[in-house]
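User: I'm new to reading protein models. Could you walk me through the one shown here?

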Amino acid sequence: MSDTATPTVIRREDYAPPAFLIDTVDLEFDLAPERTVVKSTLRVRRNPAAGPAPHLELMGEQLEFIGAQIDGNACENVRAHEHGLTIENVADAFTLTLTGACNPEANTTLSGLYVSSGNFFTQCEAEGFRRITWFLDRPDVMSTYTVTLRADKTACPVLLSNGNLIEAGDLPDGRHYAKWEDPFRKPSYLFALVAGKLVALEERITTSSGKEKLLQVWVEPHDLDKTRHAMDSLIHSIRWDERRFGLELDLDRFMIVAVSDFNMGAMENKGLNIFNTKYVLANPETATDVDFANIEAVVGHEYFHNWTGNRVTCRDWFQLSLKEGLTVFRDQEFSAAMSGGDENEAARATKRIEDVRVLRQMQFAEDAGPMAHPVRPESYVEINNFYTMTVYEKGAEVVRMYQTLFGRDGFRKGMDLYFQRHDGQAVTCDDFRRAMADANGRDLAQFERWYSQAGTPRVTVTTQYDAAAKRYSVTLAQGYANGSPAARDTQKGPLLIPFAIGLIGPDGADLPLKLEGESSSNATASTTRVLELTDAQQTFTFVDVAHKPLPSLLRNFSAPVIVEYDYGNDELAFLLAHDSDPFNRWEAGQRLATRELLALAARAATRQPLAMNDALTEAFGRVLNDASLSPSFRELALMLPSETYLAEQMAESNPAAVHAARQFVRKGLAAALKNEWLAAYDANLTPGAYEPTPEAAGHRGLKNLALSYLSELDDPAEAVRLATAQYNAANNMTDRAAALSALMNAAAGTGGEQAKQALEDFYVRFEKEPLVIDKWFSLQATQRGTAQRPTIETVRTLMRHPAFNLKNPNRARSLIFSFCAANPAQFHAADGSGYAFWAEQVLALDAINPQVAARLARNLELWRRFTPALRDAMRAALEQVAAQAKSRDVREIVEKALA
Ligand code: TRP
Ligand code: ZN
């Protein structure tokens, strides 16, 4: 696209079925790094369900046209152009053979066919297949694929594609071939090939119906010792999907391949999942507990796509959340089950808390800015920009609400009906909603608004207790914050909000629940009730309420909304100590801390003195000392809300003030609870061999949180001593990285020299482990920085480090994104140095990899919400990028931000 062209907006309302269908695809690849020749033979026919079209229009990008044949004859009426091929006046059914070439070696976009460490990989979602060969590259065109790969046998001993291997053998001139057949019809975005020098960990399993399957995890030879956990995660995923949803693996062979150059987390190509190495490789020395958990979640996510995404796919890209929201929900449920079994609610809650924290910090922010869009967007310029927190995480919340409304069994019935109706089809979010509605005998017309209304709903709660009548009424009112994009939109009407509530008595125990008009036999024994809010405002009255209760609102975060209710600090402390809903216990602590931190930030912004609030210290102290709470819950409850989240809660975001306030509270808690932190440190040591179990990880998490608080003390000698010992003795990356981080934190005190030494040791020790070196860059990019040496200087120095490489997305993220997105106080430096750096890097990446550049570009989209002093500098940086960026990806982001 040229600088001046107006972008083409794709609209959901313009959807039309494809004029032609492609039943079979036969691909032949002659793989060579600089020029790979692709011959594609397609059986094409007119789509009976579409309007007339004389010409066949195929998409193609960055392809060299070599030749075309129709039914074996040279084809004259073909025209190659910038966006593909036009073949004029075609018959109703014919066989089309196209030959073209591409240059994988020169492909830095990591979309289409590319080379990484000398091996070949593909990435086709969303629109990468057209960079390999000409095609109807849209998800509602489904075909069966046969793929022949030919390559040099020494350079590429391994040749993989989707489905089953049906033939292999040698060819002249040191070449060889492999032929693969995928029995399932699929859209082009699920095509994949891998070729190169790789080795596999293998395992055979028998599925629930007694079929034998081959599982493989393919990596570069030196990484074979880091594949066990991914394999275990795959086996657990297969078992869980059989148990929970009755869904079996459908292919004889299931492969995972790791690649170190990758734009996102992983990709669910049929039978041949391709993963970022970050979500495959792990052993105790190189990966943290968080890495282990992320690998389990992403392996599960991609595996679960085999049914939710592949067997039933999306009609068009506006329906992306049909597969992503549903599959995120499935991976969240899987991880919860792995950490606590299907039934243990307290253990499951820690996963729920982590997921909600991400949703509120990232998705709520997205919904409050220029990229706000519904779960099913109405329009886009570049579809890659719509793999968003809204489509994934809010989409998962929307799916979760069906389960909250109908229970696990009702949800399962809806899933069964969905597959019964739509297996093998490309469908819409409406089809999913209809399956849920019909299986449960419910009219879900109103629920559709969750898919079409952007913005975060607010539910305002007021309560009234009538002691004489023993009645307690709860009034819920829904709407949007003034000035939010959703409030400016024409709204579609009230949402159906499942609002889970409990009432807590003066002794801290749940009260029995009986709504007005309910007979006692009607009232269930459960002390949590899911109220269904369907109007703009509604009152629910509980009867036989013996004492004035304290309400526990939106238990387990039953809907993706903001709850407004005027709790007193003492009430929040009471909830934190007693609520039977573990999510709301955590939530009460967060509300208490957020309120205090925002008050302190307001004072810091106007240079008033700060003072600690004893109520907060006492509440946190009680949690820390409460041995009845699991260590992982205590860790989450004692973590303060992030600076980013806090800044977004201010009328005008002021990162410096938030940093001052949060640091003040961290130091205050460190000092006031010093002995408790030291005791927690000792009580949670995990001597012996490393185990990545949730229990052991919980102990390490709380211990390392204690160490991080201790590193804030004005005299950090004790923390430095503990951290140095921990760093040197560590037999696992969780403890080593936490110790290094604590040393760097304490560096302003007496820890300077130890931090420097540990950082050097860390680099030398792990020089040959790219994923660990990513951590080394990231730790430095997120460090505090001092007046003498602001972090931007460290970052600019590291940009020149021999191990830095802008073309590798993981490395770019570890340094540039970590600084711009995870170090707000330093990035938003008053002199604008962070913004100048950001603009430089967005433009540099724009020329290499537009998808990655556009992610970084989003970092400034909330500029209008910042203090005036920063706002102008942010706008200037955005304008600079808008004036110079070339890619459609980056242009869409910065133009929306400036509009
Ligand atoms: N479908 C993938 C997932 O959710 C994500 C994905 C979309 C992707 N586009 C991509 C991954 C491009 C890598 C590159 O699991
Ligand atoms: Zn996905």
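This is a predicted model: local features need pLDDT of at least 70, side-chain atom pairs count only at pLDDT 80 or more; totals for chains, interfaces and linings use all residues.

User: How many residues surround ligand 1, and which group of them is charged, polar or nonpolar by number?

Analyst: The closest residues include Glu 125, Glu 268 and Tyr 392. By type, the shell holds six nonpolar, three polar and five charged residues. The number of residues surrounding ligand 1 is 14.

User: Which side chain has an N or O atom 2.6 Å from a nitrogen atom of ligand 1?

Analyst: Let's go through the polar contacts. His 301 has a side-chain N or O atom 3.3 Å from an oxygen atom of the ligand, and a polar side-chain atom of Lys 323 is 3.5 Å from a ligand nitrogen. The 2.6 Å distance to a nitrogen atom of ligand 1 belongs to Glu 125.

User: How much of ligand 1 does the protein bury?

Analyst: Picture the ligand alone, where it exposes 370 Å². Put back into the protein, the buried part of that area is 97%.

User: Which residues coordinate the zinc ion?

Analyst: The donor atoms lie at 1.9 to 2.8 Å from the zinc ion, ligand 2. In sequence, the donor residues follow the spacing H-x3-H-x18-E. They are His 301, His 305 and Glu 324.

User: Why does the pair His 305 and Glu 324 tie together parts of the chain?

Analyst: Both residues are buried. His 305 sits in the loop between α2 and β22, while Glu 324 belongs to helix α3. The pair therefore links parts whose separation in sequence is 19 residues.

Terms used: Residues are numbered from 1 along each chain as its sequence is written. Chains are lettered from A and ligands numbered from 1 in the order in which they are written. Side-chain values use heavy atoms; hydrogens and water are left out. A residue is near a molecule or strand if one of its heavy atoms lies within 4 Å of it. A polar contact is a pair of N or O atoms within 3.5 Å; within protein, one must be able to donate a hydrogen and the other to accept it, and residues adjacent in sequence count only if both atoms are side-chain atoms. Accessible areas come from the Shrake-Rupley method with a 1.4 Å probe; for residues, only the protein chains shown count as cover. Ala, Val, Leu, Ile, Met, Phe, Trp, Tyr, Cys and Pro count as nonpolar, Asp, Glu, Lys and Arg as charged, and the others, Gly among them, as polar. Donors are N, O and S atoms within 2.8 Å of the metal (3.2 Å for Na, K and Ca); water is not among the atoms, so sites may look incomplete. Helices (H or I, at least four residues) and strands (E, at least two) are DSSP runs, numbered from the N terminus. Buried means under 20% relative accessible area, exposed over 50%, partly exposed in between (1.4 Å probe, protein chains only).
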